[in-house]
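Let's take a walk through a protein model together. Have the sequence and the 3D view ready, and follow along.

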Amino acid sequence: MIDKLGSEMKDYAPLLVRLGLALIFVMQGAMGVKGLSHAGTMEIVTTLVALLGGLFLLIGFMTQWAGFALAALMIWNIANGPKLDAFVDPRQQIMLALMVMSLVAWMLGGGRMSLDEKMKKKS
């Protein structure tokens with residue numbers, strides 16, 4: 001029973017990953033926009049990657065590129081922030097979780113309910 005339900009729901013996994021990541025990254029990017037007038041280059045790049053990557057994931061456009069860019073952003077944030085504490089400190093583990101989820105979006109793509117998939121069907 002549970003196997004049958006799981007196999008029927010597998011088409012929704014990429015959608016759930018995309019929407020969860022989009023919510024977090026769009027909100028983080030939007031909050032970063034407020035401080036852009038006094039920001040340096042890295043803050044601007046971080047804000048743009050988070051905001052655009054989140055928006056692309058939301059609609060499922062260029063999903064694999066967005067997932068890759070967001071995973072790279074999280075690796076950068078971990079390397080320049082908590083480093084190995086991201087693996088053991090519960091307050092820092094969100095970065096690790098976001099990195100892993102972004103890698104999943106990169107590997108799975110947008111899924112059946114994405115703009116990427118609709119564009120494939122047209123061509």
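Before counting anything, here is what counts: helices are DSSP runs of H or I with at least four residues, strands are runs of E with at least two, and both are numbered from the N terminus. With that in hand, the protein chain has seven helices and zero strands. Read from the N terminus on, the order of elements is simply α-α-α-α-α-α-α. Keep in mind that this is a predicted model.

**The overall picture**

Along its principal axes, the C-alpha trace of the protein chain spans about 50 × 35 × 20 Å. The protein chain has 123 residues, and 28% of them count as buried. Its accessible surface comes to about 8100 Å², and 71% of that belongs to carbon and sulfur atoms. How much of the contact in the chain comes from residues 24 or more positions apart? Among contacts with a separation of 6 or more, such residues account for 65%.

In soluble globular proteins, nonpolar side chains tend to be buried together. Here, the largest nonpolar core has 17 residues, and the ones with the most contacts inside it are Leu21, Phe25, Leu57 and Met74. Which elements give two or more residues to this core? They are α2 (13-34), α3 (41-59), α4 (63-79) and α6 (93-108).

Take a look at Met74. Leaving out residues up to four places away in sequence, Met74 touches Phe25, Met95, Leu98 and Met99.

**A closer look at α4**

Met74 is also one of the buried residues of α4, together with Thr63, Ala66, Gly67, Leu70, Ala71, Leu73 and Ile78. Turn the model so that you look down the axis of α4: the buried residues fall within an arc of 160 degrees, so they line one face of the helix. And what lies over them? The cover includes α2, α3, α5 (85-88), α6 and α7 (115-122). As for its length, α4 has 17 residues and reaches 24 Å from its first C-alpha to its last, close to the 24 Å expected at 1.5 Å a residue.

**Two ring pairs**

Now for the aromatic rings. A pair of aromatic rings is described by the distance of the centres and the angle of the planes. Searching the whole structure turns up two aromatic pairs, and the table sets them out.

| Pair | Centre to centre | Angle between planes | Kind |
|---|---|---|---|
| Phe56 and Phe61 | 5.2 Å | 80 degrees | edge-to-face |
| Phe68 and Trp106 | 5.5 Å | 55 degrees | tilted |

**One leucine on the outside**

Finally, find Leu16 in helix α2. Is Leu16 buried or exposed? Its relative accessibility is 62%, so Leu16 counts as exposed, the cut-off being over 50%. Leu16 and Gly111 are 95 residues apart along the chain, with their C-alpha atoms separated by 9.9 Å.

Notes: Residues are numbered from 1 along each chain as its sequence is written. This is a predicted model: local features need pLDDT of at least 70, side-chain atom pairs count only at pLDDT 80 or more; totals for chains, interfaces and linings use all residues. Side-chain values use heavy atoms; hydrogens and water are left out. A nonpolar core is a set of buried Ala, Val, Leu, Ile, Met, Phe, Trp, Tyr and Cys residues joined through side-chain atoms within 4.5 Å. Buried means under 20% relative accessible area, exposed over 50%, partly exposed in between (1.4 Å probe, protein chains only). Contact means heavy atoms within 4.5 Å. The expected span of a helix is 1.5 Å times one less than its number of residues. The arc is that of the directions from the helix axis to the C-beta atoms. Rings of Phe, Tyr and Trp (its six-membered ring) pair if their centres lie within 6.5 Å; planes under 30 degrees apart count as stacked, over 60 as edge-to-face and the rest as tilted. Accessible areas come from the Shrake-Rupley method with a 1.4 Å probe; for residues, only the protein chains shown count as cover.
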